[in-house]
Amino acid sequence: MIILIYPQGHHSSIVSLAKLCTENGLFTDVTILCDDGKLLAHKIVLAAVSPFLCHVLEVDTANGHSGQTTIVMPDIRKEIVQQLLDFLYTGIMKVVQREH
């Protein structure tokens, strides 16, 4: 017999912890260079939520880059990439509707 235990709030705790670590630069192993600055992230989170990023990071690791990875995103503002990272880390997209 197998008994499954689902601690209440476990998933949200993990998500909150990963986001907090990113905000404080803890255990980050990806630097994303944007047009106007840089952001930090975690390979494990990016790979877990995006098959494309998983492939990119696998290729990077296969080429001998096991430490810090740098992703260059020219002509993309840091604010836009931050919104994408927030979505990847939390599953929540904040969209601001502008009046025309």
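Modeller: What follows goes through the sheet strand by strand and then turns to one pair of helices. Please keep in mind throughout that this is a predicted model. The sheet is an open one, formed by 3 strands in the order β2-β1-β3, and its pairing is mixed. At its edges lie β2 and β3, the latter covering residues 69–72, and each of these pairs on one side only. On one side of the sheet, strand β1, residues 30–34, pairs with strand β2, residues 37–41, in the antiparallel sense over 5 bridges. These two strands are joined by a hairpin of 2 residues, and C34 has G37 of β2 as its bridge partner.

As for the helices, the axes of α1, residues 10–23, and α4, residues 78–90, come within 9 Å and cross at roughly 150°. Angles over 145 degrees count as roughly antiparallel, and α1 and α4 are therefore roughly antiparallel to each other. Where they meet, α1 contributes V15, A18, K19 and T22, while α4 contributes Q82, D86, Y89 and T90. Sorted by class, this contact of α1 with α4 holds 3 nonpolar, 3 polar and 2 charged residues.

Note on methods: Residues are numbered from 1 along each chain as its sequence is written. This is a predicted model: local features need pLDDT of at least 70, side-chain atom pairs count only at pLDDT 80 or more; totals for chains, interfaces and linings use all residues. Side-chain values use heavy atoms; hydrogens and water are left out. Two strands pair if DSSP finds at least two bridges between them. Helices (H or I, at least four residues) and strands (E, at least two) are DSSP runs, numbered from the N terminus. Axes are lines fitted to C-alpha atoms, for helices over the stretch in contact, and angles run from 0 to 180 degrees between N-to-C directions. Angles under 35 degrees count as roughly parallel, over 145 as roughly antiparallel, 65 to 115 as roughly perpendicular and the rest as oblique. Contact means heavy atoms within 4.5 Å. Ala, Val, Leu, Ile, Met, Phe, Trp, Tyr, Cys and Pro count as nonpolar, Asp, Glu, Lys and Arg as charged, and the others, Gly among them, as polar.
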